[in-house]
Structure formats: C-alpha cells, structure tokens
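Here is a short tour to read alongside the viewer. Take a look at the structure, and then we can walk through a few of its features together.

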Amino acid sequence: MTMPPDHPPIPKPRIGVLLMNLGTPDAPDAKSVKRYLGQFLSDKRVIEIPSLLWQPILRGVILNVRPKKSAHAYAQVWREDGSPLQAITTAQSQALKGRFGPDVLVDHAMRYGNPSIPDRLAAMKAAGCERILLAPLYPQYCAATTATANDQAFAVLAGMRWQPALRTMPPYHDDPDYIAALQTSIEAGLATLDFEPERIIASFHGMPKRTLALGDPYHCQCQKTARLLAEAMGRPITIAFQSRFGPAKWLEPATDLTLAALPAQGVRSVAVVAPGFSADCLETLEEMAIRGRETFEEAGGERFAYLPCLNDSAVGVALLEKLVARELEGWMRPA
C-alpha cells in the first residue's frame, strides 16, 4: 500500500527498554542540589505529609540548610564523568545496547533530574517504539521508588494520543539470578580483602516505619533478600537500614547505630554490602564507605570494607540482560 505524498513519516516499529533510577543533581554545588532536593522532597510518594504542612517546612527550612551540606557530600564522591549514579546507570544502559537485536532501543532516565523520564519516553516514541518496557532498577519494591518512577511514565502516556504499549519490570528481590549475582559479586569482593570480616552487614535504604503498616512490601522484601543471600553464602548476614531523615520512626535496626555498637560486642572487622541499590551512589559511597567507616572506627572497630554494588560489572550487566529479556518475551519478533 502506497502512502499519500503528504503523509507524515512513520518510523520503523521498535521496542524500547527504559532503565529508570532515582536521580541526582546536575552538579555537586548547592544550587544544583537545591533544585534536585526541591523536586525529590516534593514528591507525595516520598513525603507522605499533607502539602499544606510540609511545603512551608521544605521551602522555609530544609531547602535553605540542607543543600550546602549535601553538596559537600556529593563533592566527595563526584567523578570526572558526573555523579556515580548517573555515570553507572549510563554505563549499564550502554552495555545493554545491541543485546536484544537491532529493533530494541535501550535508554535510561532518572525520576528526578536528568535525563528525565518524560524526555526519554518522548524520544522513544519519536524513534518508533510502539512497545516500551519500564525497568525500575530497584530490586525491592517500594512506593517511594518503584511506584513513583512508574507514576511519572504513566503520566507521560496520559498526554499522548497514540500511546505505546507498556510493561513494567517487577521487583526481583528473590530472583535466583539476582541472589546468584550478589553472591558472586560479594564473594569476589571478599577475596580481595586482606582480612576476613567477622560480620557482613547488608545495609538497605531506610523507609518510615509507617510504610510497613500501610502495606508497602519493601521491608519484607529486604528481609527475604538478606535471608536468601545468607543461605547462598552459607554465613550469617546482619540486616540494617540507613539514611534516616526527620523525626518519624524508621525501619530498624539503623545501620549507623549497628556499626557503632559492634566493637563493644567484640566485633572488630566488618564488610558492608548494599543489596538494595543497583548502582553505587551518594548513599553507598559517602554515607557507607566514608561515614560508615568513620562511625565504626571511632567506636573502636579496626577493619572496615565497603563492597561495591553490582553496577556495570560483567555479572551485573548479565543479570540485567536476563531480567529484561524475560520481560520482553512475547514482544520479540523471530529473526
């Protein structure tokens, strides 16, 4: 069938895979951090306090105090190619390109900051992606991470006349391939140390305790990840939660308090892993690798190691390839 000469061009049908992560400031300075935090902390999925109560606190106090402190923290881990989270997520996306055939476009986006989810979805649609897999890079499901990333993507589709078909990648907290990848990565990291840690701590990002009562499965999925990992490695793993913020009760035990208490219990060497993060970021590289070490050593600890996330390592990329390929089943056309 021949199209009329004035018909707008139609690109070849393709499939899109959009890796989604939390986000990062554009630069390690107070202005950029303030813009980022303003977006992040205004998300009602993140801060479940009525806006009339929360916004005056956010605009009047937090955004005038916290950006400078956070900018200093970002500066300690910033790389030549940008923030660790941005650089690693970009590398993960690049590593997956071409692995699913020429008709599958792989890209990445951030829920807060750049590149944005609306921008990359629009680019995918313009490139002919009639089917798009949203792949939140959060092993454990949390409304404040997985759901809000999907929410933004759904909002973009709500403004489209010709919507692509959409799928979302589910959490993979107990996936055997994920547990095996963690085991391989952690054991390789342990083999590089010049000491045998007496305790391995799995530090997950914290959430307010009320989220568990409200039905969020995050706490349970973190517990299951740690249990399966301990079983696979054949050694106990201590679970803890980091990054407390504000006066609310948070999931326990707290990582910083756990690290501070261990030396008094006779534990002089530890290794910390972060199986809730798909890529190293401020919370792992500054909060754990730097401040976590300081907390442990100031309490009398002697040897501390932070072992990196799966990141864009060979085992990490192989895991992402398996997860994405599984979700693309039925969409892929035979060669």
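## A patch on the surface

Which residues form a nonpolar patch on the surface? In this predicted model, the patch is made of Ile57, Val61 and Val65. Together these residues have about 270 Å² of accessible area.

Ile57 sits in helix H2, which spans residues 51–77. Its relative accessibility is 42%, so Ile57 counts as partly exposed.

## The sheet

Next, turn to the strands. Four of them make an open sheet with parallel pairing, in the order E6-E5-E7-E8. At the edges are strand E6 (238–242) and strand E8 (303–306), each of which pairs on one side only. From one strand to the next, the twist averages 25 degrees.

Strand E5, covering residues 199–205, pairs with E6 in the parallel sense over 5 bridges.

## A histidine to inspect

Is His219 buried or exposed? With 19% relative accessibility, His219 counts as buried, because the cut-off for that class is under 20%.

His219 belongs to helix H8, residues 218–233. Leaving aside residues up to four places away in sequence, His219 touches Leu212, Phe241 and Leu251.

Key:
Residues are numbered from 1 along each chain as its sequence is written. This is a predicted model: local features need pLDDT of at least 70, side-chain atom pairs count only at pLDDT 80 or more; totals for chains, interfaces and linings use all residues. Side-chain values use heavy atoms; hydrogens and water are left out. Two strands pair if DSSP finds at least two bridges between them. Helices (H or I, at least four residues) and strands (E, at least two) are DSSP runs, numbered from the N terminus. Axes are lines fitted to C-alpha atoms, for helices over the stretch in contact, and angles run from 0 to 180 degrees between N-to-C directions. Patches are made of residues with over 30% relative accessible area and no salt bridge: like charges are joined within 9 Å, nonpolar side chains (Val, Leu, Ile, Met, Phe, Trp, Tyr) within 5 Å. Accessible areas come from the Shrake-Rupley method with a 1.4 Å probe; for residues, only the protein chains shown count as cover. A salt bridge is a side-chain nitrogen of Lys or Arg within 4 Å of a carboxyl oxygen of Asp or Glu. Buried means under 20% relative accessible area, exposed over 50%, partly exposed in between (1.4 Å probe, protein chains only). Contact means heavy atoms within 4.5 Å.
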